[in-house]
Amino acid sequence: MTPNTAELPLRPIHFPDPVGWWPPAMGWWLLLALILVTIGALLVWYFKRQHNQQRLAIQQALKELDTIEQHYQNDKRQLVQHISALLRRVAMQQYGRTATAGLAGTAWATFLQQAGKQGMNPDLAKALSEMPYRPVEDVNTKQLVAQVRSWINAQLKPHLRRA
């Protein structure tokens, strides 16, 4: 006996609702977490690398200053010329080539006085900008080297200094 379909109370086929895109499945959440952790690790690595490079550059500049001081302690003109070149390299590294490479004379002296957290003594900054071209007998080299050392140390960006 086959039932008569007209007599059976059948309803039309009802399909389930389509699967929505939200909330995502657990695998997508795990992938998102992995991506965020990776980005965070890369940022930490990048900033540590910047920190170490800056510290290394300052340490190298200070070692070079010691070498210049020892090598040219009897020749003031050479001492001032090499210190001036060292300061230019440090300034270019810290502030960029376009901001510092073209500075000369009073502009260079003004930059040395205002750069960083601790500016340079105005008389010594003027001496560094003018001494390669005029007599240097009146320059106190010990004071100049000490001032340059503290200026280089002050160029380390504040967020990179150790407490």
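Predicted model: local features only at pLDDT ≥ 70, side-chain atom pairs only at ≥ 80, totals over all residues.
Trainee: What makes H2 and H6 roughly parallel or roughly antiparallel to each other?

Mentor: The axes of H2 and H6 come within 12 Å and cross at roughly 10 degrees. That angle is under the 35 degree limit, and H2 and H6 are therefore roughly parallel to each other.

Trainee: Which residues of H2 and H6 meet, and how many of them are nonpolar, polar and charged?

Mentor: On the H2 side the contact includes Lys 76, Leu 79, Ile 83 and Leu 87, while on the H6 side Thr 141, Leu 144, Val 148 and Trp 151 are among the residues that meet H2. By class, the contact has twelve nonpolar residues, one polar and one charged.

Trainee: Where do these two helices stand in the chain as a whole, and which elements does the chain contain?

Mentor: The chain has six helices and zero strands, and from the N terminus on its elements run α-α-α-α-α-α. Of its 163 residues, 28% are buried.

Trainee: Which residues of H5 are buried, and what do they pack against?

Mentor: In H5, which spans residues 122–130, the buried residues are Leu 124, Ala 125, Ala 127, Leu 128 and Ser 129. They pack against H2 (76–95), H4 (106–114) and H6 (141–154).

Trainee: How many aromatic pairs are there, and why is the pair of Tyr 95 and Phe 111 described as it is?

Mentor: The count comes to five aromatic pairs. For Tyr 95 and Phe 111 the centres are 5.3 Å apart and the planes stand at 90 degrees; since pairing requires centres within 6.5 Å and edge-to-face requires planes over 60 degrees apart, this pair is edge-to-face. Tyr 95 lies in H2 and Phe 111 in H4, so the pair ties together parts that are 16 residues apart in sequence.

Trainee: How do you know whether Tyr 95 and Phe 111 are buried, exposed or partly exposed?

Mentor: Buried means under 20% relative accessible area and exposed means over 50%. Tyr 95, at 32%, falls between these limits and counts as partly exposed, whereas Phe 111, at 15%, is buried.

Trainee: Phe 111 also pairs with Trp 108, so what makes that pair stacked, edge-to-face or tilted?

Mentor: The ring centres of Trp 108 and Phe 111 are 5.7 Å apart and their planes lie at 15 degrees, which is under the 30 degrees that stacking requires, so the pair is stacked. Both residues belong to H4, where being three residues apart separates them by about one helical turn. Trp 108 is itself buried, with a relative accessible area of 1%.

Trainee: Which residue lies over the face of Trp 108, and how do you know that?

Mentor: Arg 88 lies over that face, at 4.1 Å from the ring centre, and the distance limit for a charge over a ring is 6 Å.

Trainee: Where does Leu 103 lie, and what is it in contact with?

Mentor: Leu 103 lies in the loop between H3 (97–100) and H4. Leaving aside its neighbours within four places in sequence, Leu 103 is in contact with Arg 88, Trp 108 and Phe 111. Between Leu 103 and Ser 129 the C-alpha to C-alpha distance is 9.6 Å, although 26 residues separate them in sequence.

Trainee: Which peptide bond is cis, and what is its omega?

Mentor: The cis peptide bond joins Trp 22 and Pro 23, with omega about -5 degrees, and Pro 23 lies in the segment before H1 (26–71). Trp 22 also forms one aromatic cluster with Trp 21 and Trp 29.

Key
Residues numbered from 1 in each chain as written. Heavy atoms only, no water. Buried < 20%, exposed > 50% of the residue type's maximum accessible area, 1.4 Å probe, protein only. Helix = DSSP H or I, 4+ residues; strand = E, 2+ residues; numbered from the N terminus. Contact = heavy atoms within 4.5 Å. Phe/Tyr/Trp six-rings, centres within 6.5 Å; stacked < 30°, edge-to-face > 60°. Lys NZ or Arg CZ within 6 Å of the ring centre and 35° of its normal. Axes fitted to C-alpha atoms, helices over the stretch in contact; angles between N-to-C directions. Parallel < 35°, antiparallel > 145°, perpendicular 65-115°, else oblique. Nonpolar A, V, L, I, M, F, W, Y, C, P; charged D, E, K, R; others polar.
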